[in-house]
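Please look over the model below.

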Amino acid sequence: MDRDRLRALLLAVQKGEVDPEGALEALVRLPFVDTPHARVDTHRALRQGLPEVIFGPGKTAEQIVEIVRVLLGEGQTVLATRVEAETAEAVLREIPEGEYDRAARLLWYGPAEVPIVGKGTIAVVAAGTSDLPVSLEAAGVAVRFGNSVETLFDVGVAGLHRLLASSETLRRARVLIVVAGMEGALPSVVGGLVDKPVIAVPTSVGYGA
């Protein structure tokens, strides 16, 4: 259940297209559904604007399948993050309508093109090639939730000219997600170049400092 579906249901009652008992039946279900391994939050989109996301690490393919089926049964799109390829293939054998992004490790059940509803552009900036998996995950999640996304990859501080060459992209963004290894230098540099929120994401790569 999300706000759009609830609004449509209430309008249908108002127009006489759905009787109050039918509407009550649609709403009487608890805001969660129990499965053998999870208690799936089906009203999160109604409360927070975004549906529950499945966090893949530690979950078996069977457990992910259970949750996907519940959310699809509620008419929701489904996004699972950090799903390894072998697990994703097992899930897709059971529920083949999904789409898997191997590089970003994202499993998606929903429309191929998501309408843009976000305000402005999110820039995802990555220091090096080793930061790509996390960067692609951030970009993919943002796109699946209806945001316009621009990416800048391999623009770490070791070659600062690579970043400065894309200063227009940085300034154009409304929010910036900056992904860098353990030294965390790139977010500080970007923060000094823009007047927009910068979300710094350290990754478990690099030598650290």
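What follows is a short account of a predicted model.

## Helix 5 and its cover

Helix 5 spans residues 85-94. Its buried residues are Ala85, Ala88, Ala90 and Val91. An α-helix has 3.6 residues a turn, so residues three or four places apart point the same way.

Several elements cover the buried residues of helix 5. Among them are helix 4 (61-73), strand 5 (99-101) and strand 6 (106-109).

## Packing of helix 4 on helix 5

The axes of helix 4 and helix 5 come within 9 Å. They cross at roughly 45 degrees, which means that helix 4 is oblique to helix 5. The crossing of the two helices is right-handed.

Helix 4 contributes Ala61, Ile64, Val65 and Arg69 to the contact. On the helix 5 side, these meet Thr87, Ala90, Val91 and Glu94. By class, the residues of this contact are 5 nonpolar, 1 polar and 2 charged.

## Leucine 106 in strand 6

Leucine 106 lies in strand 6, one of the elements that cover the buried residues of helix 5. Is leucine 106 buried or exposed? Its relative accessible area is 5%, under the 20% cut-off, so leucine 106 is buried.

Beyond its neighbours within four places in sequence, leucine 106 is in contact with Leu79, Ala80, Thr81, Glu99, Tyr100, Asp101, Leu136, Glu137, Gly140 and Val141. Glutamate 84 is 22 residues away along the chain from leucine 106. The C-alpha atoms of the two residues are separated by 8.6 Å.

Methods: Residues are numbered from 1 along each chain as its sequence is written. This is a predicted model: local features need pLDDT of at least 70, side-chain atom pairs count only at pLDDT 80 or more; totals for chains, interfaces and linings use all residues. Side-chain values use heavy atoms; hydrogens and water are left out. Buried means under 20% relative accessible area, exposed over 50%, partly exposed in between (1.4 Å probe, protein chains only). Helices (H or I, at least four residues) and strands (E, at least two) are DSSP runs, numbered from the N terminus. Contact means heavy atoms within 4.5 Å. Axes are lines fitted to C-alpha atoms, for helices over the stretch in contact, and angles run from 0 to 180 degrees between N-to-C directions. Angles under 35 degrees count as roughly parallel, over 145 as roughly antiparallel, 65 to 115 as roughly perpendicular and the rest as oblique. A crossing is left-handed if the near helix is turned anticlockwise from the far one by less than a right angle, and right-handed if clockwise. Ala, Val, Leu, Ile, Met, Phe, Trp, Tyr, Cys and Pro count as nonpolar, Asp, Glu, Lys and Arg as charged, and the others, Gly among them, as polar.
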